[in-house]
Amino acid sequence: MANMAAPKRQDTRKFFENLSGAGKSIAVLTSGGDAQGMNAAVRAVVRMGIYVGAKVYFIHEGYQGMVDGGDNIKEARWESVSSMLQVGGTVIGSARCKEFRTHEGRLKAAHNLVQKGITNLCVIGGDGSLTGANLFREEWSGLLEELLQQGLIDEEATRKNSALHIVGMVGSIDNDFCGTDMTIGTDSALHRIIEVVDAIMTTAQSHQRTFVLEVMGRHCGYLALVSALACGADWVFIPEMPPEDGWEDNMCQKLSESRSRGSRLNIIIVAEGAIDRQGQPITSDFVKDLVVQRLGFDTRVTILGHVQRGGTPSAFDRILASRMGVEAVLALLEASANTPACVVSLVGNQAVRLPLMECVQMTQEVQKAMDEKKFDEAVRLRGRSFENNLTTYSLLSYRKADSELPNGEEEAGDEEQFDSSFNVAVLNVGAPAAGMNAAVRSAVRVGITEGHKMFAVSDGFEGFYKGQVKEIKWGDVGGWTGQGGSLLGTKRTLPGKHLDEIAEQMRIHNINALLVIGGFEALECLLQLYEARANYEEFCIPMCMLPATISNNVPGTDLSIGADTSLNAIVETCDRIKQSASGTKRRVFIIETMGGYCGYLATVGGLAAGADTVYIYEEPFDIRDLQANVEHLTQKMKTSIQRGLVLRNENCNENFTTDFIYQLYTEEGRGVFDCRKNILGHMQQGGAPSPFDRNFSTKIAAKAMQWITRTLKESFKGGRVFANSEDTCCLLGMRRRAMVFQPVSELRDETDFVHRIPKEQWWLKLRPLMKILAKYKTSYDVSDSGQLEHVSRFRPKDSDTSAAI
C-alpha cells in the first residue's frame, strides 16, 4: 500500500492478519426501527467476517427471528450481500419482539444460537435493541445452565459456547444515542427532510405562505434542529429546549418582522415530541392555528412521517456503516470473556469503541433530565455537537435590534477604549463548491450580531483589486443556505501581482479582517498575503481561511466544504449507472471522477458505491496491477455477480488514461463481461449543498467569525488593528476530533505544492477497507482502529466534530 503510514509510526503498526476468525461464528441482526445504511453495515460485517475466516450468519426479522430460529438463521455467503449497499431499510428484516423481553423467549434464542455455535453477535439497532442484547449477554451462562439441565444441550456445547460477545452499531434516524456523533441513518433522514424543505420553499415563495413542518424525533430534537439550521428556518421547536413562556408573542413578532423586511415565506420546524416549559405538547396544528389567528398568514402544515426513514442511504451513511461494520468484526475478534459489550461509533473522524451500558445510561439520563424540566442539563448530556448546533442556530436565527447590538464599550477599568465596529471582508476563491453560500450567510450574520460591518468582495481577489467591494447586510443573505455554487462569484486569481491595488482597496474601505472561503488557491492566497505583511501594513490584520473545495485537497483539514455534496453526486450517479445494466448481461463500468491529483473523491466515492477497484495518484500502479485487477474482476463475474465498478481519478496516471483502462478491460473481459465508460465531469461540482455541507459550513463560518472578533480585540492597540504574528493568519480545519485554527505558515511544510495535495492524507487508511470489501487480500493497519474508551460526560472544549454535523 502506498503512503499508508508515516515512517515514524512503522514500528507501532499492528496488522490484523494476526486476528483470525477461524472457528468463530458471527451472527448479524437488525432490530427496532429501520434506518438507511443498515444494509451497508450488514454487508461490511458479512464480508469482513468471511474475510477473516469466520462463519457469518444472518438472523432475519431481528430478535423475533432469533427466538423462532429455523430458517430465520441462515449462513451468509460473499455474494449474499452483493448489490445491497444502495438499498434503504434493512434487507434482512427487522421486527419489534415482545417474546425476547421474556425469560422464555431469551432461552429459546440461546438454544437456537448454541445449535449453530454462534457466540459472537453484532446488533444493529437503537438503544432498546442494544439494551436487550446486553441483558442477553449477562444472562448467557445462566441460560446455558438451564438448557443443560433440560437436556437440550450437552456439557460439550456448554463449554464451547461459554461466553457470548456482543458489539452494537447504532442504527437510528433520530441520532438520539449518547456517545456517538452520528448514528446510521441520520444523515439520510436529513437528506429526505432537506429535499422536502427545498421543494416547499419554492411553492411558499410563490404564494407568500408560512409552512409548518413536522419532523420525526419523539424524544430527540436532532433532526428538527439540524434541518432548521440547514434551511435557515424562522423558528424551531425541540423537546430538549422548550421555548420560554410567552413564546407565542415572540414567534409571531419575529414572523411579522421577517415579512416586513421583504421575506415572502416563513418556515417553522416542529419535532414530533416538542413540548412547552410545562411539559404540554406543542403540535404542528397548534402552531398553524396560532399563526393564522394572530397574523392572518396563509399557513399550511406538512407532516413528513415515514418519508424520513425511506429512500437510498446517503454517501455519509454508507461510509459510516461500512467503517463501523468492519470495526465491529475487529472488536468481536479482539473480545475476551470479560470485555464489556461495546458500541462502535465515530467521534469526529475517528472510530471509537464505547461500553454499551455507559452510552445507554447516559441516553436515559437525557430523558430523565427532560422529565425533571432540567432542560440545560438535557442539552449538555446530548453532547458537544448538539449543543453547538443549538448555539449556532440561536446566533443566526434572530436579528437583534440595533439597541441590543454590542455598543463597543468594554468594562470600565480596561486600559483602552475598544471600538467593536470593525469592518470585515468576506470573499470566495477558487472553483465553486456547494456550501460556500451557507458559509457566507453564516459569517455575515454572526459578524453583524458581533457588532461588525460586513463587506462582500465579488469575484475573489480579482474583484478585490478592481474595487468590487460593498457592504452586505443581514437581509442580503436570506435564503442563501440552500443555493449551490458561489453567489458572490469566485475566481482562481492569486493576489501576488496586484498587492498594491488590493492594499489600496483595504485602505479605502478600512478593512480590519479578512475571511477567505475557498480551496487550494485560497491557501496560496493567504500565504502570499502573509508574506506581504513585511511590506504592507494593510495585511497586518486577522485573516482566516475556510476550506471549500470538492477535491478535499487542502492541508490542515480532514474535510472541506463541498466534498460531501460532490460525493453524493458521484454515488447517486454510480447507482444509476449500475442500475442501467440490470437485466442485461454482465457489465463493468469504468468511471472517471474529478479531484485533480487528490484521490479522495474516487476512493471514498468508491467505498460508498461499492467499487471493485479505484485508481488514484497517491497509490502508484503499473501494468501488473492492472492485469491483476482485471483477472480478479473476471473471476468475480464468473459467479453470480452481474456488475462491476471501476473508478479512476482524473490525474491518477498520465499514460493509463480512462480510455486505456476501458480498452484493456474490454479486451481482457471478452466473453465474460462487456464494458462501458463514463466521465462524470462538472455534475460533481453543481447541485444544491447536502445537509452535511450546509451545516458544516454554517458552523465553521460562525466559529471563524468568533475567532476574528477575539483576534481583533487582542490586536487592537493605539486606536488601530495591528496583527502580524503567525497565529493571526490561520486556516480553520477539522482534524480527527477537533476543529483547529492552524497558522498557514505552518501548513507550508505539510503541502505538496506541485500536485496541490497534503503530504499526508487520513483517508488513505480507508483504501484497504475498500479492497477487503471488494474481496482483495490486503494488509489492514488496525493500530488506528477504535480503542475502548469511556463516555465522557463533558467533552473537552473545541472537540466539536464535523462528522457531528
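Predicted model: local features only at pLDDT ≥ 70, side-chain atom pairs only at ≥ 80, totals over all residues.
Colleague: Which residues have the most contacts inside the largest nonpolar core?

Modeller: In soluble globular proteins, nonpolar side chains tend to be buried together. Here the largest such core holds 190 residues, and those with the most contacts inside it are Met169, Ile269, Leu514, Leu515, Phe539, Leu546 and Tyr600. Helix H10, residues 315-334, supplies the largest share, 13 residues.

Colleague: What does Leu515 touch, not counting residues up to four places away in sequence?

Modeller: Leu515 contacts Ala425, Val426, Leu427, Ala443, Cys544, Leu546, Ala704, Met705 and Ile708.

Colleague: Now the open sheet of seven strands: what is the order?

Modeller: Strands of a sheet pair through backbone hydrogen bonds, either parallel or antiparallel. In this sheet the order is E3-E2-E1-E4-E5-E10-E11, and the pairing is mixed. E3 (73-75) and E11 (350-355) are the edge strands; each has a single partner strand, so one side of each lacks a neighbour in the sheet. From one strand to the next, the twist averages 25°.

Colleague: In which sense do E2 and E3 pair, and over how many bridges?

Modeller: E2 (residues 55-59) pairs with E3 in the antiparallel sense, over three bridges. Ile59 is opposite Ile73 in E3.

Colleague: Which strands does helix H1 touch, and which does H10 lie across?

Modeller: H1 (residues 38-51) packs on the sheet against E1 (25-30), E2, E4 (120-125) and E5 (165-170), with its direction at about 175° to that of E1. H10 lies across E1, E4, E5, E10 (342-347) and E11, and runs at about 140° to E10.

Conventions. Residues numbered from 1 in each chain as written. Heavy atoms only, no water. Core = buried A, V, L, I, M, F, W, Y, C linked by side-chain atoms within 4.5 Å. Buried < 20%, exposed > 50% of the residue type's maximum accessible area, 1.4 Å probe, protein only. Helix = DSSP H or I, 4+ residues; strand = E, 2+ residues; numbered from the N terminus. Contact = heavy atoms within 4.5 Å. Pairing = 2+ DSSP bridges. Axes fitted to C-alpha atoms, helices over the stretch in contact; angles between N-to-C directions.
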